[in-house]
Amino acid sequence: CAHYIGTTGNGLAPPVLSVRIVGASPLPLKICGSCGIDSVGTEDGHINIFEITDTHLTFEKVLDRQDGRILCLCWDSTGSFIVSGSVDVIRIWDVKSGHAVHRMLTGRAEANKETIVWCVAVTADFTIITGDSRGRICFWNGHTGTQLESFLSHKADILCLCLDEENNCVYSSGVDPVITNFTRIRLKCGDYQGVKNKWVRSIQRRIHTHDVRALVLADNKLYSAGVDSYLVMSSFPPKALHKYAPTLQSTLDYTIPRIASLSK
């Protein structure tokens with residue numbers, strides 16, 4: 001059967017524009033904020049590229065097909081590369097050529113149990129951050145395709161990641177609903193070796209009772225949501241926590257309707 005993606009003015013209206021995609025059911029969708037281009041991954045390994053304008057959604061190209069599902073996508077800051085996560089592997093794609101330039105294997109906790117890469121984020125200096133089904137958050141050098149660091153930060157699948165605006169803090173959570181923060185620090189390596197970056201575990205907070213499916217940073221506040229149906233706004237420092245139940249409330253903080261626009 002045919003599969004389409006569409007654009008709409010709001011979450012309630014039917015699609016204003018729709019375009020057929022190459023491949024089976026579309027899974028992740030990611031927009032490059034700096035270039036106005038959309039990427040859509042599919043279950044059978046295609047990445048479709050679309051150009052987005054105020055009035056048009058135009059198919060541009062499809063990248064080389066890979067084996068297996070594409071489960072998450074993220075653009076680099078230049079709009080030249082896409083990072084994709086799949087089963088047991090992360091790939092870095094050159095958008096212009098359509099080819100994968102690096103293929104990084106995740107490894108497995110058990111030989112017969114696949115590692116599923118559920119989420120990916122990319123910093124401005126091309127550090128790639130992934131969360132997977134082992135509960136590991138991994139940091140990769142996007143230029144060389146090598147792993148920099150790996151932490152067993154959760155007891156179950158990591159489903160979501162988000163970076164702060166300076167790209168010095170990353171938050172993760174998932175099936176294990178603990179929200180974990182990693183911070184980038186600079187270490188002096190010696191008189192002649194200069195300074196290197198290192199990621200260290202910082203804060204952990206248990207805010208939700210069930211799976212966390214979404215994390216967004218806006219105005220130095222962390223918004224999280226998941227299976228327990230609560231939208232939670234938290235910050236540290238200063239330490240603050242506000243929970244909003246899934247009902248209409250007239251006293252909602254005015255910042256909440258702006259989350260979608262601030263996270264683009």
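**Figure 1. Surroundings of isoleucine 128 in the predicted model.** Beyond its neighbours within four places in sequence, isoleucine 128 is in contact (heavy atoms within 4.5 Å) with Val83, Ile92, Met104, Val120, Ala121, Val122, Cys138, Phe139, Trp140 and Gly142. The model is predicted: local features need pLDDT of at least 70 and side-chain atom pairs count only at pLDDT 80 or more, whereas totals for chains, interfaces and linings use all residues. Residues are numbered from 1 along each chain as its sequence is written, and side-chain values use heavy atoms, with hydrogens and water left out.

**Figure 2. The largest nonpolar core.** A nonpolar core is a set of buried Ala, Val, Leu, Ile, Met, Phe, Trp, Tyr and Cys residues joined through side-chain atoms within 4.5 Å; buried means under 20% relative accessible area, exposed over 50% and partly exposed in between, with a 1.4 Å probe and protein chains only. The largest such core has 13 residues, and Val83 and Ile128 have the most contacts inside it. At least two residues of this core come from each of strand 7 (72-75), strand 9 (89-94), strand 11 (117-122) and strand 13. Strand 11 supplies the largest share, three residues. Strands (E, at least two residues) and helices (H or I, at least four) are DSSP runs numbered from the N terminus. A second, separate core of 12 residues includes Cys119, Ala121, Phe139 and Leu161. In soluble globular proteins, nonpolar side chains tend to be buried together.

**Figure 3. Valine 83 in strand 8.** Valine 83 lies in strand 8 (residues 81-85) and is buried, with a relative accessible area of 0%. Not counting residues up to four places away in sequence, valine 83 touches Cys72, Leu73, Cys74, Ile90, Arg91, Ile92, Val120, Val122, Phe126 and Ile128. Between valine 83 and alanine 121, which are 38 residues apart in sequence, the C-alpha to C-alpha distance is 8.4 Å.

**Figure 4. Aromatic pairs around phenylalanine 139.** The structure holds six aromatic pairs; rings of Phe, Tyr and Trp (its six-membered ring) pair if their centres lie within 6.5 Å, and planes under 30 degrees apart count as stacked, over 60 as edge-to-face and the rest as tilted. Phenylalanine 139 and phenylalanine 151 are edge-to-face, at 6.0 Å centre to centre with 85 degrees between the planes. This pair links strand 13 (residues 136-141), which holds phenylalanine 139, to strand 14 (residues 146-152), which holds phenylalanine 151, 12 residues apart. Phenylalanine 139 is buried at 0% relative accessible area, and phenylalanine 151 is buried at 17%. The rings of phenylalanine 139 and phenylalanine 182 also form an edge-to-face pair, because their centres are 6.1 Å apart and their planes stand at 65 degrees. Phenylalanine 182 lies in strand 17 (residues 178-190), so its pair with phenylalanine 139 of strand 13 ties together parts 43 residues apart in sequence. Phenylalanine 182 is buried, as is phenylalanine 139. Ring pairs join Phe139, Phe151, Phe182 and Trp199 into a cluster.

**Figure 5. Aspartate 176 in its loop.** Aspartate 176 lies in the loop between strand 16 (169-174) and strand 17, and counts as buried at 9% relative accessibility. A polar atom of the aspartate 176 side chain lies 2.9 Å from the backbone nitrogen of lysine 155. Leaving aside neighbours within four places in sequence, aspartate 176 is in contact with His154, Lys155, Ala156, Asp157 and Arg206.

**Figure 6. Lysine 243 and tyrosine 230.** Lysine 243 lies over the face of tyrosine 230, at 5.7 Å from the ring centre. Such a placement requires NZ of Lys or CZ of Arg within 6 Å of the ring centre and within 35 degrees of the ring normal.

Key: A polar contact is a pair of N or O atoms within 3.5 Å; within protein, one must be able to donate a hydrogen and the other to accept it, and residues adjacent in sequence count only if both atoms are side-chain atoms.
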